[in-house]
Structure formats: C-alpha cells, structure tokens
Amino acid sequence: MTSTSIYNEIQALLKRGERIAVATVVKTIGAAPCGVGTKMLVRADGTTSGSFAGTKVDTEVAEAAVQALRESRSSITHVHLEPEQAVGSCGATLELFIEVLHPEPRMIIAGAGHVAQALARLAAQLDFRIVVVDDRRDLADPQVFDDKVQLTFGDIPQTIRELEPDEASWIVIVTRGHHLDKDALRAALATSARYVGMIGSPGKIKNIFRNLLQEGIARERLAQVYSPIGLDLGAETPAEIALSIAAEMLMIRKHGSGASLKTMHNFLDEVVPVESK
C-alpha cells in the first residue's frame with residue numbers, strides 16, 4: 001500500500017469521525033524488510049491497512065496501536081523480527097512511532113436562538129467545528145454567527161439525521177419548543193453522537209422522557225442524555241447558560257471532574273498546617 005493511499009484513507013476515516021493510529025518506522029536495526037517511513041494504519045477495532053513484515057509483526061504492531069488508542073496517547077515501541085522474518089540471518093528490530101489521531105470534534109446545535117448564538121461564540125474557541133440547524137431563516141442569519149459557523153436551514157430532526165452524527169459529534173438541543181425538542185432528541189438518539197444534551201425545565205424534560213419511553217426508546221439510552229444540560233453555575237442569562245454547557249462539554253472531553261480546584265487541593269494546609277485543638 002503506497003503512502004498516498006494511506007494518507008487518503010487517513011483523511012477519509014477522520015472525516016467519518018473515526019479515531020485511528022498510524023504506526024511509522026522511524027529506525028531500523030539489522031536487515032529489516034521495510035525501510036524508515038513505512039506506515040501501517042490501525043483502526044479502533046484492530047483492522048489494518050499496510051504491512052511491515054508479515055502477519056506476526058503486523059499483529060504485534062496492531063495490538064500496540066489499539067492499546068495506544070485506548071489510552072489516547074501516542075508512543076514509541078520496538079518490535080523484534082526473527083531471522084525468518086528479516087532479510088538477513090540475524091533478525092532485525094523496528095523502532096516505531098505510533099501516533100494517535102482524533103477527528104476534529106463537531107458540535108451540532110439544534111436551534112439558533114440566543115443560547116445557541118452565545119454557545120457558538122464560546123465553542124469556536126474550543127476547537128469545535130460548529131453546525132447550527134434551524135428552520136427559521138430570521139434566526140439562521142450569517143450576520144449573527146461567526147463566519148466559521150456552518151448554518152443549515154431546514155427541518156431540524158431531519159437535518160440532524162442527514163448530518164449523520166458520529167463519535168466525534170456533540171449535539172446540543174436548544175430549540176424553541178417542547179415538541180421540537182422531543183423530535184430533535186429522538187433523531188439525536190438514533191445516532192452514535194458522543195454527547196447529546198437538551199435544555200429544558202424539569203417538567204418539560206420529564207414529559208419528553210416519558211413520551212419517548214412510551215415510544216419504545218430504552219431507558220438506558222435516555223439515561224445517556226445530558227438533561228438538564230450544563231453544569232450548576234447558577235446560570236440565568238443566555239451567555240451564562242452557554243458557559244455552563246460549554247463547561248460541561250469540556251469536562252467530558254478532557255475527563256475532568258467538574259469540582260472546584262480549591263476543594264481538590266489544600267495548599268494552605270500544606271503551607272500552614274491546621275493546629276489541632
């Protein structure tokens with residue numbers, strides 16, 4: 001498999017929202033059957049494209065790459081080749097750089113009202129590719145949103161389905177009404193989006209959950225919905241609500257706790273120990 005073919009496949013997989021690892025030979029010791037720069041692409045399920053030195057070595061590299069994907073961390077590894085796998089009679093060693101690649105996260109905001117506008121401004125600074133969906137042309141106004149925001153006008157639930165949210169997609173439902181929120185949530189739950197959050201009062205959320213349960217959506221699936229959306233910041237204004245939503249998404253993305261750093265560290269006690277009575 002040529003380098004061009006691998007690069008093309010890398011782009012295609014990332015565009016589809018898949019996480020992948022690329023193993024590249026950075027050094028060879030002994031009579032290796034492949035040169036520096038040889039690459040193999042490894043998907044999260046362990047399937048590969050490209051080859052180094054036969055099934056045994058490729059399997060070992062694929063296992064190391066899948067582990068790197070699980071840990072979400074690039075690494076250097078070494079693979080020893082037996083004489084029968086190498087060109088010469090003394091075997092060889094490959095030094096490999098395994099690079100973990102993540103697709104660009106995409107935020108799909110259902111609704112283009114004030115909360116959506118404030119959230120789009122915040123999310124643009126958090127390396128999200130932003131898509132805003134609404135069926136009202138007066139709100140889906142390019143002059144209101146940053147030029148980096150993709151505005152899509154049309155039926156909201158249908159558009160969510162057409163966007164085909166993947167594991168790199170984050171869906172935020174902030175539409176104008178109960179029924180539209182329910183329809184948008186139904187569409188979002190049929191996707192593999194990493195995050196689905198919905199704004200709403202306790203009463204509205206309970207009614208929507210109750211209706212979707214009656215439609216046959218599993219309780220376990222509804223339990224994955226972040227609703228009420230956001231962290232408890234005491235938010236009231238659209239800008240404050242947007243901040244609480246962005247904070248929750250960043251917490252999940254970075255595997256944070258959401259706790260106050262002050263409560264997690266007691267630096268004052270380390271400087272001046274509390275005197276016992």
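Residue R73, for example, is exposed, with a relative accessible area of 53%.

This is a predicted model, in which local features need pLDDT of at least 70 and side-chain atom pairs count only at pLDDT 80 or more, while totals for chains, interfaces and linings use all residues. Residues are numbered from 1 along each chain as its sequence is written, and side-chain values use heavy atoms, with hydrogens and water left out.

**Stop 1**

E71 is partly exposed, at 40% relative accessibility.

Now select S72. This residue sits in the loop between α2 (55-71) and β4 (75-81). Helices (H or I, at least four residues) and strands (E, at least two) are DSSP runs, numbered from the N terminus. Phi of S72 is near 55°, a positive value in a residue other than glycine. S72 is partly exposed, with a relative accessible area of 41%.

**Stop 2**

How many salt bridges does a search of the whole structure find? The search finds eight.

Select R43 and E9, whose side chains meet in a salt bridge of 2.2 Å, N to O. R43 belongs to strand β2 (residues 39-43) and E9 to helix α1 (residues 3-15), so the pair ties together parts that are 34 residues apart in sequence. R43 counts as buried, at 15% relative accessibility.

Next, select D181 and K204. They form a salt bridge with the closest N and O atoms 2.2 Å apart. This pair links distant parts of the chain, with D181 in helix α5 (residues 178-189) and K204 in helix α6 (residues 202-214), 23 residues apart. Are D181 and K204 buried or exposed? Both are buried.

**Stop 3: the nonpolar cores**

A nonpolar core is a set of buried Ala, Val, Leu, Ile, Met, Phe, Trp, Tyr and Cys residues joined through side-chain atoms within 4.5 Å. The largest one here has 26 residues. To find it, select M107, I109, L119, I130, V172, I245 and M249, the residues with the most contacts inside this core. Two or more residues come from each of β6 (106-110), α3 (114-123), β7 (129-134), β9 (169-173) and α8 (238-253). Which element gives the largest share? The answer is α8, with seven residues.

Stay on I245. Contact means heavy atoms within 4.5 Å. Leaving aside neighbours within four places in sequence, I245 is in contact with V115, L119, V172, I229 and G230.

Another core, of 24 residues, lies apart from the largest one; L163, I173, A187 and A188 are among its members.

**Stop 4: on either side of α8**

Select S227 and P228. The peptide bond from S227 to P228 is cis, with omega near 5°. P228 is placed in the loop between α7 (219-222) and α8.

Finally, select H255, in the loop between α8 and α9 (261-264). H255 is not a glycine, although its phi is positive, about 60°. H255 counts as exposed, at 68% relative accessibility.

How values were computed: Buried < 20%, exposed > 50% of the residue type's maximum accessible area, 1.4 Å probe, protein only. Salt bridge = Lys/Arg side-chain N within 4 Å of Asp/Glu carboxyl O.
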